Amino acid sequence: MTKTINLTLKVWRQKNAGDKGKFETCQARNISTDMSFLEMLDVVNEGLTVDGKEPIAFDHDCREGICGMCGTVVNGRAHGPEKGTTLCQLHMRHFDDGDTIAIEPWRARAFKVLKDLVVDRSALDGIIQAGGYISVNAGGAQDANNLPVPQDKADKAMDAAQCIGCGACVASCPNASAMLFAGAKISHLALLPQGRPEAAKRAWAMVKAMDALGFGNCTNERECEAECPKEISIVNIARMNREYYKAGFFSGEKN
Amino acid sequence: MNWFTDTLGTSIGKKLMMALTGLAFCGFLATHLAGNLTLYVGSEAFLSYAEHLHSLGPLITLAEWSLLTLAIIHVATGLTLFYQNWRSRPVRYSVKKTAGGRTIGSRTMPYTGILLLLFIILHLLNFHFVDKTGTNIWNIVTDTFNSGGYIFIYIIAMIVAAVHVSHGLWSAFQTLGVDHPKYTPFIRGLSIVFSVIIGIGFGFIPIFISISV
């Protein structure tokens with residue numbers, strides 16, 4: 001027997017990027033606890049549409065926790081209260097009948113709200129464009145073990161590469177800093193032999209880009225690693241710091 | 001700009017300056033406390049410590065100017081970061097909860113920092129920029145801690161210092177890139193222990209002096 005609950009939603013509504021925006025209250029009735037948070041919003045939107053009102057705009061794509069499109073701040077927590085979970089994988093069984101849920105978009109100077117809960121996260125793309133790549137052609141597949149990679153390095157690189165770029169680290173950071181994102185991207189390439197030749201250039205350029213895009217400064221509050229749906233550790237921020245010092249003090253990189 | 005100021009000018013560069021100057025202040029706190037422990041022994045031990053310290057002459061002047069330089073870097077960079085971080089989120093959340101990362105120390109860092117700066121100015125006015133003719137530092141200390149107001153201010157200031165250091169010490173290591181599952185738990189523990197030692201070691205001086213003298 002499916003359990004259903006009724007909720008009161010306080011949702012951020014904003015017509016467009018220029019609009020000031022405000023909270024609006026709406027009811028979510030007969031919500032199955034087996035639904036995901038986004039499915040709950042779908043049901044609410046169907047009701048709004050039937051009533052001739054504008055549905056709530058929110059970002060989503062794969063709905064299986066791997067694409068990084070979804071994400072809002074639910075009751076003050078990025079991606080909601082569950083640890084290591086994207087919003088699409090947050091299920092309504094974690095809420096109780098009669099709960100009031102506040103839903104807000106990511107808030108940061110670098111992330112502009114486009115409509116309701118949809119934010120422009122292209123600033124994260126800006127950090128990647130500054131150096132989050134390897135600028136040689138990969139060519140055909142090599143024989144295995146041509147480039148020896150120690151298993152622990154491969155594991156750490158994979159841990160960092162789990163970043164889906166959802167922006168929860170920025171949203172949850174008290175300073176709206178993107179250091180966990182940048183740290184993960186710099187780390188996952190710096191740990192592998194293919195990424196080493198450009199490691200200094202990459203660290204230097206990506207940190208500069210991150211600052212220019214209007215993100216805040218990291219003060220080691222550790223909220224990012226606590227909220228990251230992929231549970232990426234701030235060990236990656238420490239590694240980025242080391243890569244940055246190497247680039248700034250011991251390489252030819254300047255300006 | 002040259003490569004050096006350019007490296008220090010970014011978000012990570014500013015962090016590095018906070019970490020290095022902050023660690024230097026942790027070292028200063030440790031030596032300052034070691035010296036001040038002579039207060040618990042009595043006037044003779046304390047005066048002999050003060051005399052030995054001042055016999056260092058130019059080294060003391062060098063240390064004072066170094067501390068002042070470090071303080072200017074720490075305060076100026078800290079205030080810049082505080083302002084930039086405040087600006088980085090123009091629209092605040094109406095509901096914001098911690099996910100468990102923040103501590104009392106990390107949450108209050110800029111505020112405890114500003115309070116400490118005000119305290120240090122008062123502290124220098126009390127014991128450094130004071131007329132020492134016809135008296136000695138022991139008498140100045142005991143006179144100061146005759147006042148309930150000063151006892152209160154000094155105890156509160158030491159609690160504030162302990163809170164500031166509890167985040168600052170481990171945070172400095174993280175900033176320097178020293179973070180590894182092997183020893184990070186130890187560094188985090190050390191920060192708490194160090195802050196408690198600072199808080200208790202300094203904080204009980206006014207109480208001890210007011211009771212024993």
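In what order do the elements of chain B run from the N terminus on? They run α-α-α-α-α-α-α-α-α.

1. Basis. This is a predicted model, in which local features need pLDDT of at least 70, side-chain atom pairs count only at pLDDT 80 or more, and totals for chains, interfaces and linings use all residues. Residues are numbered from 1 along each chain as its sequence is written, while chains are lettered from A and ligands numbered from 1 in the order in which they are written.

2. Chain B overall. Chain B has nine helices and zero strands; helices (H or I, at least four residues) and strands (E, at least two) are DSSP runs, numbered from the N terminus. Its C-alpha atoms fill a box of roughly 55 × 45 × 35 Å along the principal axes. Of the 213 residues of chain B, 28% count as buried. Here a buried residue has 20 or more other C-beta atoms within 10 Å of its own, an exposed one 12 or fewer, and a partly exposed one a number in between, with C-beta atoms placed from the backbone. Among the contacts in chain B with a separation of 6 or more, 80% come from residues 24 or more positions apart; two residues are in contact if their C-beta atoms, placed from the backbone, lie within 7 Å.

3. Helix H6 of chain B. The expected span is 1.5 Å times one less than the number of residues. H6(B) bends by about 55° at B:Pro110, the bend being the angle between axes fitted to the seven residues ending there and the seven starting there. Its buried residues are B:Gly105, B:Ser106, B:Met109 and B:Thr112, and these pack against H8 of chain B.

4. Helix H9 of chain B. This helix (residues 184-212) has 29 residues and reaches 41 Å from its first C-alpha to its last, close to the expected 42 Å.

5. Interface between the chains. In this interface, 35 residues of chain B are in contact with 42 residues of chain A. On the chain B side, H1 (3-9), H2 (11-36), H5 (58-87), H6 (104-127) and H8 (148-175) each supply at least two residues. That side has 10 nonpolar, 15 polar and 10 charged residues. Nonpolar means Ala, Val, Leu, Ile, Met, Phe, Trp, Tyr, Cys and Pro; charged means Asp, Glu, Lys and Arg; the others, Gly among them, are polar.

6. Domains of chain A. Chain A is divided into domain 1 (4-114) and domain 2 (122-138 + 145-250), with bounds from an automatic or database domain assignment. Their centres, taken over C-alpha atoms, are separated by 29 Å. The contact takes 18 residues from domain 1 and 16 residues from domain 2. The domain 1 side divides into eight nonpolar, seven polar and three charged residues.

7. Positive phi in chain A. Phi of A:Asn75 is near 50°, a positive value in a residue other than glycine. A:Asn75 lies in the loop between strand E3 (73-74) and strand E4 (77-78), and counts as partly exposed because it has 17 C-beta neighbours inside 10 Å. Phi of A:Asn145, also not a glycine, is near 70°. A:Asn145 is placed in the loop between helix H2 (122-129) and helix H3 (151-161) of chain A; with 7 C-beta neighbours inside 10 Å, A:Asn145 counts as exposed.
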